[in-house]
Amino acid sequence: MKNYSLDTIVSLAKRRGFVFQSSEIYGGLNGCWDYGPLGVELLNNIKQAWWKSMTYREDIEGIDASILMHPMVWEASGHIENFTDPMVDCRECKARFREDQIEESECGNKAFKGRKATKCMEEGKFTEARKFNLMFKTFIGAVESDDSVVYLRPETAQGIFVNFNNVRESSRQKIPFGISQIGKAFRNEINTKNFLFRTREFEQMEMQYFVKPGTDESEYEKWKEERLRWWQELGIKRERLRLSPHPQDKLAHYAKAAVDIEFEFPFGFGEIEGIHNRSDFDLKQHSEYSGKKLEYFDDVTKQRYIPFVIETSAGASRGFMAFLCNAYDEDEAPTAEGKLEKRSVLRFHPKLAPVKCAVFPLVNRDGLQEIARNITNDLKKNFNVFYDESGAIGRRYRRQDECGTPYCVTVDYDTLKDNSVTIRERDSMKQERINKDLVKKYISENTD
Ligand code: GAP
């Protein structure tokens with residue numbers, strides 16, 4: 001298993017329409033990215049896989065809360081007080097750094113490219129660290145005043161906590177049960193870096209599991225295993241994942257225990273998901289600040305209590321980057337002349353692949369195009385399919401390999417005789433012939 005450079009992956013992501021820099025024609029906007037035609041499919045497939053696994057079960061309900069919330073939410077949650085990073089400024093080049101990331105940073109002066117920021121620090125160029133709150137502020141309504149300040153949510157979790165009573169009452173769930181949500185979150189990160197890894201706008205896939213106090217530790221262990229399994233089910237090998245528990249003195253203000261699931265990116269291991277035992281912190285805080293009781297009454301034991309919460313918080317955008325890095329590979333493929341040439345391939349799990357199948361007519365005459373078009377149109381009713389009639393077949397395969405398309409179907413002269421087509425699998429490059437009327441069933445069975 002090779003770990004390829006981030007530059008190689010970023011360049012493919014742009015070339016094939018996975019990810020573009022936001023507002024590129026204006027020079028870009030730091031920490032913001034746009035998903036292109038293949039990117040949005042991959043992202044949707046990741047979110048869909050997560051949603052099915054985390055919501056289509058008896059004990060979990062889904063919601064979609066608003067991004068703007070009452071400002072008291074962030075008072076109660078502790079984000080106004082605690083959601084900060086220690087920031088230092090360089091007096092000379094005016095660059096800003098997270099104090100705890102100086103070692104990984106470079107001097108902001110472009111004339112000194114490659115110079116370590118630690119060197120500038122040793123030379124006494126940095127100010128004292130001060131707290132920088134990561135929440136983006138904006139105003140609600142027509143008047144821009146202190147009274148109309150609202151925040152773009154820095155995590156989706158709070159939308160779940162404030163809806164605890166609504167969801168429990170409407171769904172009649174009993175503890176233990178969970179609430180899931182996928183949505184955008186915003187953090188004004190001091191330093192963005194590594195492509196989609198640390199951005200200012202990103203998406204999270206979060207689930208809060210409400211449990212009886214005292215069962216929280218075993219539920220925490222259960223969810224740790226469950227979530228580790230999910231990443232592997234979608235094609236990430238165990239050796240590219242690791243669990244990194246947070247030491248007690250580094251826990252977030254709400255956490256009793258926390259562990260990160262980390263993936264081995266080209267630049268080393270980095271967090272893709274956090275599992276937290278949030279205790280009863282959030283429900284207690286919101287009960288106190290709102291004056292509304294967020295508690296549970298067990299009608300069997302007649303006990304009333306504030307549930308503890310086990311949170312699973314995965315990054316959809318970071319997950320996207322992990323799946324992209326995990327899928328990228330290079331090997332050799334035979335040319336029409338029988339020579340071997342290098343190919344780049346994205347070995348996505350078929351469930352995640354942005355395009356499930358590509359359809360080619362061998363040549364653009366004798367009715368082959370019409371048959372290929374008909375197969376494409378039929379498949380399009382169920383899958384994202386790509387029709388391609390330009391260039392040599394080998395070149396068409398290479399293009400699809402780079403997009404991660406698991407299957408390519410070729411219509412040739414034998415199709416005219418016996419209705420069969422060639423179906424070629426991306427990773428093994430093996431080809432087999434099947435009846436053209438069975439293609440839909442084949443794609444459905446092998447990509448879902
Ligand atoms: N509700 C808990 C929470 O938000 P977190 O560890 O701060 O916990 C959870 O974030 C996940 O969100 C991370 O594991 C990561 O995948 C993603 N994430 C956090 N900050 C991010 C950023 N600046 N850019 C991209 N993804 C981010």
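A word on the background. This is a predicted model, so local features need pLDDT of at least 70 and side-chain atom pairs count only at pLDDT 80 or more, while totals for chains, interfaces and linings use all residues. Residues are numbered from 1 along each chain as its sequence is written, and side-chain values use heavy atoms, with hydrogens and water left out.

Back to the cysteines. How many disulfides are there? The count is 0, a disulfide being a pair of cysteine sulfur atoms within 2.5 Å. For Cys32, the nearest cysteine sulfur belongs to Cys325 and is 20 Å away. Cys325 is in no disulfide either, as its nearest cysteine sulfur, that of Cys403, is 17 Å away. Cys325 is also buried, at 3% relative accessible area.

Now to a sheet. Here 3 strands form an open, antiparallel sheet in the order 5-4-6. Strands are DSSP runs of E with at least two residues, numbered from the N terminus, and two of them pair if DSSP finds at least two bridges between them. At the edges, each pairing on one side only, are strand 5 (96–98) and strand 6 (130–133).

Strand 4, residues 84–89, runs antiparallel to strand 5 and is joined to it by 3 bridges.

How values were computed. Buried < 20%, exposed > 50% of the residue type's maximum accessible area, 1.4 Å probe, protein only. Helix = DSSP H or I, 4+ residues; strand = E, 2+ residues; numbered from the N terminus.
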